[in-house]
Amino acid sequence: MIFTAFSGLVQQGLCICCRAPGRAGNQPRAVEIRAQETSKGGVKYEAILAEPAIQSPPKRNTSPLRTPKATVEEKLKAAEERRLSYEANKMAQLAAQMEKIEIIAKKREEEVSKRKEALDKKIESAVEKRDAHISSVKGKAKEQTVKVELLAKKIDEEASKKKEALEKKIESHVEKREAHINSVKEKVKDHLKKGEETRQNLDKQAEEINQALQESLKKAAEQREDNIKKMLERLQERDRRAELVRQNKERLSSSFSESQQESETASSG
């Protein structure tokens, strides 16, 4: 616990003053320990003999005791011996603590050095891996670029061939379409010509049929008039015959009545 507290005070840059106990009238000596951290992780210590940083407590207003001179000198000598013994013990403790601190600082420097070496190796390995990865990526990118260029060239060639084939196909299709259009035009002209001839023939046939129909109607009218005339003549002849039959019937009836009357007259007479 003493070493831990001392280490804490040293790291904070505090001063430790060691004083031997004495009488109020004596001026005790002090040992000041100063600590300072260096940039490489070590600790630098300085042991300075100096006056105490704090003031001595105020003297009490007491009446001096009357003691023999020899007793006073013995007490002063004993106090000086105790102070020297205390300072020697304190210095020994400080030396032991400083030795421990130096050992810890040395171990710390060794640990820092080992960590630094491990970190350097790790960084060097990471740099090597990074360089290898970059080289691999560059190689793959170069291969990919070559593949892309070859693929683009192949695509351009295929596109050029397809374009030429398509242009030839379009040209052939245009020629066929024009030939088909010309053929259709010729067929349409022939069809129109034949249609005109057919129309003229139909008009001629219609005119002939109309004339024939007119003649047929005329003949039918004449035939109908003849038939009507004949029928009227037949009807007149039938009426004449019917009149003759009626007259004959009346004559016969009249003659029969006369003969009957004569018979009746003869029978009555």
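The term salt bridge stands for a side-chain nitrogen of Lys or Arg within 4 Å of a carboxyl oxygen of Asp or Glu. This is a predicted model, in which local features need pLDDT of at least 70, side-chain atom pairs count only at pLDDT 80 or more, and totals for chains, interfaces and linings use all residues. Residues are numbered from 1 along each chain as its sequence is written, and side-chain values use heavy atoms, with hydrogens and water left out.

**The overall layout**

The protein has 2 helices and 2 strands, and their order along the sequence is α-β-β-α. Both kinds of element are DSSP runs numbered from the N terminus: helices are H or I with at least four residues, and strands are E with at least two. Helix α2 covers residues 69–268.

How much of the protein counts as buried? Of its 269 residues, the share is 8%. Here buried means under 20% relative accessible area, exposed means over 50%, and partly exposed lies in between (1.4 Å probe, protein chains only). The protein exposes about 24,100 Å², and carbon and sulfur atoms supply 54% of that area. Accessible areas come from the Shrake-Rupley method with a 1.4 Å probe, and for residues only the protein chains shown count as cover.

Contacts, meaning heavy atoms within 4.5 Å, tell another part of the story. Among contacts in the protein with a separation of 6 or more, 42% join residues 24 or more positions apart.

A search of the whole structure finds 10 salt bridges. Here are some of them, with their N to O distances.

| Salt bridge | Distance |
|---|---|
| Glu-111 and Arg-115 | 2.6 Å |
| Asp-203 and Arg-199 | 3.1 Å |

Back to the opening pair: Glu-80 and Arg-83 both lie in helix α2, 3 residues apart, which is about one turn of the helix. Is Arg-83 buried or exposed? Arg-83 is buried, because its relative accessible area is 10%. Glu-80, at 35% relative accessibility, counts as partly exposed.

Glu-111 is partly exposed at 41% relative accessibility, while Arg-115 is exposed, with a relative accessible area of 58%.

Asp-203 and Arg-199 are separated by about one helical turn, because they are 4 residues apart in helix α2. Asp-203 has a relative accessible area of 41%, so Asp-203 is partly exposed. Arg-199 is partly exposed too, with 41% relative accessibility.

**Patches on the surface**

Patches are made of residues with over 30% relative accessible area and no salt bridge; like charges are joined within 9 Å, and nonpolar side chains (Val, Leu, Ile, Met, Phe, Trp, Tyr) within 5 Å.

Which residues make the nonpolar surface patch of about 240 Å²? They are Leu-119, Ile-123 and Val-127. Ile-123 is found in helix α2 and counts as partly exposed, at 43% relative accessibility.

A patch of negative charge gathers Glu-164, Glu-167, Glu-171, Glu-175 and Glu-178 on the surface. For charges, Lys and Arg count as positive and Asp and Glu as negative, while His and the chain ends are not counted. The place of a charge is taken as NZ of Lys, CZ of Arg, CG of Asp or CD of Glu. Glu-175 is found in helix α2, and its relative accessible area of 47% makes it partly exposed.
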